[in-house]
Amino acid sequence: GCKTRLGLALSMPLTELEREVARETGLPAGEVRSLYGIAARRRIEQRVLERGAREQERAVIVATGGIVNEEEAFNLLLAHCYTIWIKAQPEEHMARVVAQGDFRPMAGNAEAMDVLKRILAAREAMYRKADVVIDTSGETAGKFSEAARRRHGLSIRELNHLNASRS
(Lines give C-alpha, C1' and ligand atoms only; values in the text may rest on other atoms or scores of the structure.)
Protein backbone atom coordinates (compact mmCIF):
# COMPACT_ATOMS: atom_id res chain seq x y z
CA GLY A 1 0.00 0.00 0.00
CA CYS A 2 0.89 3.68 0.07
CA LYS A 3 2.52 3.59 3.51
CA THR A 4 4.71 0.61 2.69
CA ARG A 5 5.86 2.19 -0.55
CA LEU A 6 6.60 5.47 1.22
CA GLY A 7 8.86 3.56 3.64
CA LEU A 8 10.66 1.95 0.72
CA ALA A 9 10.97 5.27 -1.13
CA LEU A 10 12.55 6.83 1.96
CA SER A 11 14.89 3.83 2.42
CA MET A 12 13.92 3.51 6.06
CA PRO A 13 12.90 0.48 8.11
CA LEU A 14 9.15 -0.05 8.16
CA THR A 15 7.33 -0.80 11.41
CA GLU A 16 3.68 -1.74 10.98
CA LEU A 17 2.04 -1.55 14.40
CA GLU A 18 -0.61 -4.14 13.44
CA ARG A 19 2.11 -6.66 12.53
CA GLU A 20 4.08 -5.88 15.68
CA VAL A 21 0.99 -6.41 17.85
CA ALA A 22 0.52 -9.79 16.15
CA ARG A 23 4.19 -10.66 16.70
CA GLU A 24 4.05 -9.57 20.34
CA THR A 25 0.99 -11.72 21.10
CA GLY A 26 1.42 -14.58 18.65
CA LEU A 27 -2.07 -13.86 17.34
CA PRO A 28 -3.38 -11.92 14.35
CA ALA A 29 -4.17 -8.35 15.50
CA GLY A 30 -7.85 -8.89 14.68
CA GLU A 31 -7.97 -11.86 17.03
CA VAL A 32 -6.34 -9.83 19.79
CA ARG A 33 -9.23 -7.35 19.42
CA SER A 34 -11.82 -10.15 19.38
CA LEU A 35 -10.39 -12.10 22.32
CA TYR A 36 -9.20 -9.34 24.64
CA GLY A 37 -10.97 -6.20 23.48
CA ILE A 38 -9.83 -2.98 21.88
CA ALA A 39 -8.44 -1.57 25.14
CA ALA A 40 -6.03 -4.50 25.56
CA ARG A 41 -5.06 -4.29 21.91
CA ARG A 42 -4.30 -0.57 22.29
CA ARG A 43 -2.18 -1.22 25.41
CA ILE A 44 -0.11 -3.73 23.45
CA GLU A 45 0.17 -1.25 20.58
CA GLN A 46 1.36 1.43 23.03
CA ARG A 47 4.04 -0.91 24.39
CA VAL A 48 5.20 -1.76 20.86
CA LEU A 49 5.27 1.92 19.89
CA GLU A 50 7.29 2.89 22.97
CA ARG A 51 9.80 0.11 22.32
CA GLY A 52 10.11 1.12 18.67
CA ALA A 53 10.71 4.75 19.64
CA ARG A 54 13.52 3.66 21.98
CA GLU A 55 15.14 1.11 19.68
CA GLN A 56 14.90 2.68 16.22
CA GLU A 57 16.55 5.96 15.43
CA ARG A 58 14.76 6.19 12.07
CA ALA A 59 11.77 4.28 10.75
CA VAL A 60 8.47 4.66 8.99
CA ILE A 61 5.82 3.69 11.54
CA VAL A 62 2.51 2.63 10.07
CA ALA A 63 -0.31 3.18 12.54
CA THR A 64 -4.00 2.56 12.16
CA GLY A 65 -6.31 5.55 11.90
CA GLY A 66 -7.70 4.84 15.34
CA ILE A 67 -4.41 5.73 17.02
CA VAL A 68 -5.61 9.33 17.20
CA ASN A 69 -8.16 8.15 19.78
CA GLU A 70 -5.36 6.94 22.05
CA GLU A 71 -4.04 10.17 23.54
CA GLU A 72 -0.80 8.80 24.98
CA ALA A 73 0.19 6.93 21.81
CA PHE A 74 -0.79 9.77 19.50
CA ASN A 75 1.07 12.33 21.60
CA LEU A 76 4.16 10.08 21.51
CA LEU A 77 4.00 10.07 17.72
CA LEU A 78 3.47 13.83 17.52
CA ALA A 79 6.30 14.58 19.94
CA HIS A 80 8.95 12.23 18.55
CA CYS A 81 8.07 11.55 14.94
CA TYR A 82 7.61 13.37 11.70
CA THR A 83 3.97 12.51 11.07
CA ILE A 84 2.18 12.19 7.76
CA TRP A 85 -1.56 11.85 7.39
CA ILE A 86 -2.17 9.81 4.26
CA LYS A 87 -5.63 11.05 3.39
CA ALA A 88 -8.08 9.46 0.95
CA GLN A 89 -11.70 9.78 0.00
CA PRO A 90 -13.88 7.50 2.17
CA GLU A 91 -14.70 5.26 -0.81
CA GLU A 92 -11.00 4.80 -1.61
CA HIS A 93 -10.19 4.27 2.04
CA MET A 94 -12.79 1.51 2.29
CA ALA A 95 -11.58 -0.11 -0.94
CA ARG A 96 -7.95 -0.08 0.30
CA VAL A 97 -8.89 -1.64 3.63
CA VAL A 98 -10.92 -4.38 1.95
CA ALA A 99 -8.13 -4.98 -0.62
CA GLN A 100 -5.80 -5.66 2.34
CA GLY A 101 -8.18 -8.38 3.48
CA ASP A 102 -9.79 -6.49 6.37
CA PHE A 103 -13.54 -6.93 6.06
CA ARG A 104 -14.42 -5.58 9.52
CA PRO A 105 -15.72 -2.28 8.19
CA MET A 106 -18.26 -4.12 6.03
CA ALA A 107 -19.12 -6.99 8.39
CA GLY A 108 -22.90 -7.07 8.68
CA ASN A 109 -23.24 -3.32 8.28
CA ALA A 110 -25.27 -2.03 5.36
CA GLU A 111 -24.41 1.54 6.41
CA ALA A 112 -20.66 0.90 6.59
CA MET A 113 -19.80 3.80 4.27
CA ASP A 114 -21.90 6.26 6.28
CA VAL A 115 -20.24 5.05 9.48
CA LEU A 116 -16.80 5.43 7.90
CA LYS A 117 -17.60 8.98 6.78
CA ARG A 118 -18.68 9.90 10.32
CA ILE A 119 -15.54 8.33 11.84
CA LEU A 120 -13.24 10.16 9.41
CA ALA A 121 -15.05 13.46 10.00
CA ALA A 122 -14.79 13.03 13.78
CA ARG A 123 -11.06 12.27 13.55
CA GLU A 124 -10.14 14.94 11.00
CA ALA A 125 -9.08 17.57 13.55
CA MET A 126 -6.70 15.06 15.14
CA TYR A 127 -5.36 13.89 11.77
CA ARG A 128 -4.63 17.51 10.85
CA LYS A 129 -2.11 17.67 13.70
CA ALA A 130 0.24 15.70 11.45
CA ASP A 131 3.26 17.56 10.12
CA VAL A 132 2.15 16.91 6.55
CA VAL A 133 -1.16 15.96 4.98
CA ILE A 134 -0.89 14.04 1.72
CA ASP A 135 -4.11 13.49 -0.17
CA THR A 136 -3.79 10.22 -2.06
CA SER A 137 -7.23 10.38 -3.62
CA GLY A 138 -7.13 8.99 -7.14
CA GLU A 139 -3.48 7.87 -6.86
CA THR A 140 -2.06 4.36 -6.92
CA ALA A 141 0.46 3.34 -4.27
CA GLY A 142 3.33 3.30 -6.77
CA LYS A 143 2.65 6.80 -8.05
CA PHE A 144 1.98 8.10 -4.57
CA SER A 145 5.27 7.28 -2.86
CA GLU A 146 7.63 9.03 -5.27
CA ALA A 147 5.22 11.91 -5.82
CA ALA A 148 4.95 12.37 -2.05
CA ARG A 149 8.71 12.62 -1.73
CA ARG A 150 8.91 15.21 -4.50
CA ARG A 151 5.82 17.24 -3.57
CA HIS A 152 6.58 17.47 0.12
CA GLY A 153 10.37 17.44 0.15
CA LEU A 154 10.51 14.28 2.20
CA SER A 155 14.21 13.68 1.76
CA ILE A 156 16.21 11.63 4.22
CA ARG A 157 18.29 14.68 5.18
CA GLU A 158 15.21 16.78 5.94
CA LEU A 159 13.56 13.98 7.90
CA ASN A 160 16.74 13.50 9.92
CA HIS A 161 16.82 17.23 10.67
CA LEU A 162 13.17 17.22 11.75
CA ASN A 163 13.63 14.13 13.90
CA ALA A 164 16.75 15.58 15.53
CA SER A 165 14.86 18.75 16.43
CA ARG A 166 12.24 16.66 18.26
CA SER A 167 14.66 14.63 20.35
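**Group meeting: helices, a packed pair and a buried threonine**

From the N terminus on, the elements run α-β-α-α-α-β-α-β-α-α-β-α-α. That comes to 9 helices and 4 strands. Please keep in mind that this is a predicted model.

Some totals for the protein. There are 167 residues, and 34% of them count as buried. If we take the contacts with a separation of 6 or more, 67% of them are between residues 24 or more positions apart.

Now a pair of helices. Two packed helices are described by the angle between their axes and the distance between the axes. For helix H2, residues 17-25, and helix H3, residues 29-36, the angle is about 65 degrees and the axes are 8 Å apart. On the H2 side, the contact is made by Glu 18, Val 21, Ala 22 and Thr 25. H3 brings Ala 29, Val 32 and Arg 33. By type, the contact has 4 nonpolar residues, 1 polar and 2 charged.

Next, helix H6, residues 90-99. Pro 90, Met 94 and Val 97 are buried here. Looking down the axis of H6, the buried residues fall within an arc of 65 degrees, so they line one face of the helix. What do they pack against? The answer is helix H7, residues 112-127.

Last, a loop residue. Thr 83 sits between helix H5, 71-80, and strand S3, 84-87. Is Thr 83 buried or exposed? Its relative accessibility is 11%, and buried means under 20%, so Thr 83 counts as buried. Leaving out residues up to four places away in sequence, Thr 83 touches Leu 77, Leu 78, Lys 129, Ala 130, Asp 131 and Val 132.

Methods. Residues are numbered from 1 along each chain as its sequence is written. This is a predicted model: local features need pLDDT of at least 70, side-chain atom pairs count only at pLDDT 80 or more; totals for chains, interfaces and linings use all residues. Side-chain values use heavy atoms; hydrogens and water are left out. Axes are lines fitted to C-alpha atoms, for helices over the stretch in contact, and angles run from 0 to 180 degrees between N-to-C directions. Helices (H or I, at least four residues) and strands (E, at least two) are DSSP runs, numbered from the N terminus. Contact means heavy atoms within 4.5 Å. Ala, Val, Leu, Ile, Met, Phe, Trp, Tyr, Cys and Pro count as nonpolar, Asp, Glu, Lys and Arg as charged, and the others, Gly among them, as polar. Buried means under 20% relative accessible area, exposed over 50%, partly exposed in between (1.4 Å probe, protein chains only). The arc is that of the directions from the helix axis to the C-beta atoms.
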